[in-house]
Amino acid sequence: MTPAVAESFRAYLVERDGDGSLRQGVRTLGAGDLPPGEVTLRVAYSGVNYKDGLASRPDGRVVRSYPMVPGIDLAGKVVESADPRFRPGDPVLVTGFELGVSHYGGYAEYARVPAQWVVPLPRGLDLREAMVLGTAGFTAALALHRLEEHGLAPGQGPVLVTGATGGVGSVAVAILARRGYEVVASTGKAGAVEYLKRLGASRVIPRSEVAVQGGKPLEKQLWAAAIDAVGGDTLAHVLRTTRYGGAVAAVGLTGGSQLNTTVFPFILRGVSLLGIDSVYCPMPLRMRIWQRLAGDLRPPALDALVCREVGLDELPEAFADVLAGRVRGRILVRVA
C-alpha cells in the first residue's frame, strides 16, 4: 500500500537561533515532522500575505513558536482523515486559525491540520482559484458581507477602498464592482490606475486625499461606506468623511495601529466602525463567505488579481516585496 505521506517532502522552514536571528529556506521533512491533526493534505497552492512576510522577520511578532512552516493559506486534497466528513481525494482549503503561526502552514508539500479548520472547496472554484483569493479574498468578502448586513446596497453612493492595490484591497475592488457598487479606490501607486480600473474601480484617487493628519472632527460627507486596509490617520479621516448612517469595515493596519479620532462621527452621523477578523471567524459564517466567493462575489477575472506565481525557493524575494509594498494584487505559491 502506498503511504499517505511521502517519506520525504519539501517545506519552507523558519528556525530561530539562540541569538534571536532566523535561519530559513527549503528543507526536507518527513511524515513524523507534521503536527497533530485529524486531516492530512497534499498541498497544491498557497499564497503570500503580509502576515507571511512578517513570519520571515525576527521582529515580525507573528510566529508563536519555532521551528515553523509559514503560510496562513493552503488548498489541496485530503490524503488521510480521521474525521468522517473528509475522505481521501476531497479538495479542501484552510485559512486562518493558527496556520503558519503556531501550527505548520501552507509552505510544505504536505500539511496536517485539525478537522475543525478545514473548509470543503466550494463548487465554482478550483484549488488554484481558491488561493488566488486566499485570506485576502476571504477578508474582503467578509468585510462586504458585514457592510451589507449593516444595510449597504448598490445605488447608495460611492464605496471607498483604501490600500486598494494590496491583496485585500484588490479583491475588495473586484467584488464590490461585481455586486454593482460605485467603487472609489485609493492608492499610493501612481502607475496602478489602469490596474484598478480593470478590476472595476469607477474612480482612483491618490493616497494623499485620505491619509490626512488632524483636520476637523467632521468633514464633508463623501462615502456611503468604506473598506479600510490601512488604519492610522487614513481610518480616522475616512470616519470623518463617511456619510450619515454609513459604515467603515476595518481590515488592516499597514498605515499604523493607532486611531486618533473623536466620537463625533459616531454620535452625530451614526457612523459604524465594523471590525473584521478573518482568523477566528466561526465556521458556519466562514463556509457561507466561501460559498459567496464561489458565487455572487466571485471576481470575473481572477487572474487579473495575480501579481506573479512563485515556488517555495522564491519565497524570500516574495516576502521582501510584500513587506515593502511592491506587490499589486496577490502572489500565488505553487507548492506541489
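The following legends describe close-up views of a predicted model.

**View 1. Packing of helix H2 against helix H7.** On the H2 side, the contact is formed by Ala130, Leu133, Gly134, Gly137, Phe138, Ala141, Leu142, His145 and Glu148. The H7 side contributes Leu285, Arg286, Arg288, Ile289, Trp290, Arg292 and Leu293. Sorted by class, the contact of H2 with H7 comprises 9 nonpolar, 3 polar and 4 charged residues.

**View 2. Surroundings of Arg292 in helix H7.** Arg292 is located in helix H7 and is one of the residues through which H7 meets H2. With a relative accessible area of 13%, Arg292 counts as buried, because the limit for that class is under 20%. Apart from residues up to four places away in sequence, Arg292 touches His145, Glu148, Arg179, Leu297 and Arg298. Of these, His145 and Glu148 also belong to the H2 side of the contact between H2 and H7.

View 3. Residues up to four places away in sequence being set aside, Leu196 touches Ala164, Thr165, Val173, Ala185, Thr187, Ala201 and Val204.

**View 4. Ala174 in helix H3.** Ala174 lies in helix H3, which spans residues 167-178. The residue is buried, its relative accessible area being 4%. Beyond its neighbours within four places in sequence, Ala174 is in contact with Leu199 and Pro299. Ala174 and Ala304 are 130 residues apart in sequence, yet their C-alpha atoms are 9.6 Å apart in space.

**View 5. Cys281 and Cys307.** Cys281 has a relative accessible area of 3% and is therefore buried. Cys307, by contrast, has a relative accessibility of 33% and is therefore partly exposed. A disulfide is a covalent bond between the sulfur atoms of two cysteines. With a cut-off of 2.5 Å between cysteine sulfur atoms, the count for the model is 0 disulfides.

Methods. Residues are numbered from 1 along each chain as its sequence is written. This is a predicted model: local features need pLDDT of at least 70, side-chain atom pairs count only at pLDDT 80 or more; totals for chains, interfaces and linings use all residues. Side-chain values use heavy atoms; hydrogens and water are left out. Helices (H or I, at least four residues) and strands (E, at least two) are DSSP runs, numbered from the N terminus. Buried means under 20% relative accessible area, exposed over 50%, partly exposed in between (1.4 Å probe, protein chains only). Contact means heavy atoms within 4.5 Å. Ala, Val, Leu, Ile, Met, Phe, Trp, Tyr, Cys and Pro count as nonpolar, Asp, Glu, Lys and Arg as charged, and the others, Gly among them, as polar.
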